[in-house]
Every structure is written in C-alpha cells, then in structure tokens.
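Here's a quick tour for anyone meeting this structure for the first time. Have a look at the sequence and the model, then read on.

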Amino acid sequence: MTLSESLDVLTIPEVKQRRELMGSADRSTRKSDMIRAIVGTLLAGNRGPIWRQLSEVEVQAVAEAVHCWGGRFDPARFRAKYGALPDHFEYDPYTSWLVRKPPPRSVLPLFFYQGEIPEDLRPRVAGLAPRPAELPIKALGAGVADAARATGDEDG
C-alpha cells in the first residue's frame, strides 16, 4: 500500500495524531487535506527533523524493516536480535485499564502503518536508515567439535 492509502484507512483521530507528531502548521479539518499534508512532508518534504526524533532502537526498527524484511516489521526477529522492542510495538491497548499507561510519544507511527512501511515511503527512508549489521553465526559443526574437545570426548 502507498502512504496515502495507508493513511486513508485510519480514522480521523489517528490521522490527526500523526499530523501532530509531524509538528505541522497545517490545521485543516478535512481528512483528505490532513493526508495530503502528511504525504507532502514525508514523501517530498524534509524528513530530517522528524528522523532525528527517533530513538536508537526506533532507527534500528526502521532500518531492519526497510533493508531486511521488505518493509514489514517482525517483532519476534527484532526482539531476538536486539533484546527489546520499540515502545510503539510493545504497547498493548487490551491490557486492563487499571494498569494501562499510554504509549510514550514517538514519531515512529509516521513510518509504520499496520506494522509495515508504505511502499512509496521505503526508498526515501532507506536513504536515512543505516544498513543493519549482520549477526555473526558460527557453524554448528565447529561448536560441537569445540565442545567435544573441551569435555575430552573426541568421538562427539
């Protein structure tokens, strides 16, 4: 889906929230005008000030999604690699209202829509997001041989 299509699926309060995250001077009340303002900023405007508001873990989330996972965010893989998730993906709106805290303010929702970066936004974000480092993976056979030598079991 494109950015415009992704925004069009959202409710008016959700679109307003994203517009406020951008710090836009636009105060239109029509949904189509708000979408046009957001799309104009994210696709054609200066994304630098918005990008600098992301935390390190949020930048890593965008980088993994755009460079490795075809634009889709995979929480399980991300948690396995980095040990944590960005707060935007941790928030569970269905927990008890007694213990629920609102999610911290983040501009990450400007990049992700239903867990995915819109296809027309990906190339623009790819230029900002550093390519994630590869995980070093040792061959299983070498690990077994090293363990066997350490225990003195050469047959293992």
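In which helix is R19 found? R19 sits in helix α2, residues 12-22; helices here are DSSP runs of H or I with at least four residues, numbered from the N terminus. Keep in mind that this is a predicted model, where local features need pLDDT of at least 70, side-chain atom pairs count only at pLDDT 80 or more, and totals for chains, interfaces and linings use all residues. Residues are numbered from 1 along each chain as its sequence is written, and side-chain values use heavy atoms, with hydrogens and water left out.

Back to R19: this residue is buried, with a relative accessible area of 5% (buried means under 20%, with a 1.4 Å probe and protein chains only). R19 touches S24, D26, R27, S28, M34 and I38, leaving aside residues up to four places away in sequence; a contact means heavy atoms within 4.5 Å.

Two side chains reach for backbone atoms, and the table shows them.

| Side chain | Backbone atom | Distance |
|---|---|---|
| R19 | oxygen of S28 | 2.6 Å |
| D74 (oxygen), at the start of α6 | nitrogen of A76 | within 3.2 Å |

Now for a helix pair. Helix α5 (residues 56-67) packs against helix α6 (residues 75-82) at an angle of about 125°, with the axes 11 Å apart. On the α5 side, V57, Q60, A61 and E64 make the contact, and on the α6 side F78, K81 and Y82 do. By class, that's 4 nonpolar, 1 polar and 2 charged residues. After α6 comes G83, with a positive phi near 85°.

Technical notes:
Axes fitted to C-alpha atoms, helices over the stretch in contact; angles between N-to-C directions. Nonpolar A, V, L, I, M, F, W, Y, C, P; charged D, E, K, R; others polar. Buried < 20%, exposed > 50% of the residue type's maximum accessible area, 1.4 Å probe, protein only. Polar contact = N/O pair within 3.5 Å; in protein donor to acceptor, adjacent residues only side chain to side chain.
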